Amino acid sequence: MTTTTNGETTMSSAGVGVAADLAADFEKRRAGRVDAGDLVAENLAALDAAGVIAAADGDGAHRRQVLRTVAGGCGATAFALGAALAAGRAEAVLHHAAVQYGLAERAYAVAVERVRQLGDVARQPGPQFAVARMRGSLDTMTALLDRQAGRAVGDDAAALAEACTAGLFVAGEAEAVVSAAYDLVDADAAARIGQIWHDLKATPPPVPGALARELVGKAAFGIDPDETPRWV
């Protein structure tokens, strides 16, 4: 379902629900496979047939929500979708970060659910402290993504630097959350966390880490990133 406000089409909560239902199916169909492989094309076709891709092509916040949701079922599919929907490099960086956040969010959910099922393990301070750190990381990631998305308007160097600020932080925090989730679970849940880790690392970012740091640093110092020579 979509709504139109002032001529702009956005995805409703019901539309995000459709994406969530499909993501749950993607996760089930991938069981036992580390790499999503040919499932990515099938998943994208299913999203397209359900109208999720068309509906996500409007408001940026809703688009990132869709990417987060799809990432919970298959990160490889969400990365491919984010790249396809991006209008420029700044948006591509934000989309990539939104998928990384979605993967971390799913790893957290899997870990928390599994620890709850293990009973007394949840009463130990180690898992409680680990989950607290993970929760703080997730909340900080989404707050920074939302703020930087409002600043990364357009596709000039300034916008790209704003997007990269979020991208660099989310990349590191997402890895930390997924790694912590893996340490918390037993063998039954480790396979799913392994899939998430694989997806997190298998798709390179739109702007490599070293270049992203250069862009953010030069923006802070007021240096034109296109100046020659780049380094002095």
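**Salt bridges in the predicted model**

E113 is partly exposed, with a relative accessible area of 38%, where partly exposed denotes the range between buried (under 20% relative accessible area) and exposed (over 50%), as computed with a 1.4 Å probe on protein chains only. The structure is a predicted model, in which local features need pLDDT of at least 70 and side-chain atom pairs count only at pLDDT 80 or more, whereas totals for chains, interfaces and linings use all residues. Residues are numbered from 1 along each chain as its sequence is written, and side-chain values use heavy atoms, with hydrogens and water left out.

The side chain of E113 meets that of R116 in a salt bridge, at 4.0 Å from N to O, the term being applied to a side-chain nitrogen of Lys or Arg within 4 Å of a carboxyl oxygen of Asp or Glu. Both residues belong to helix α6 (residues 89-117), in which R116 and E113 are three residues apart, about one turn of the helix; helices (H or I, at least four residues) are DSSP runs numbered from the N terminus. R116 is exposed, its relative accessible area being 59%.

In helix α7 (residues 125-151), R135 and D139 are four residues apart and thus separated by about one helical turn, and their side chains form a salt bridge with an N to O distance of 3.0 Å. R135 is partly exposed at 31% relative accessible area, and D139 is likewise partly exposed, at 41%.

Across the whole structure, the search finds 15 salt bridges.

How values were computed
Helix = DSSP H or I, 4+ residues; strand = E, 2+ residues; numbered from the N terminus.
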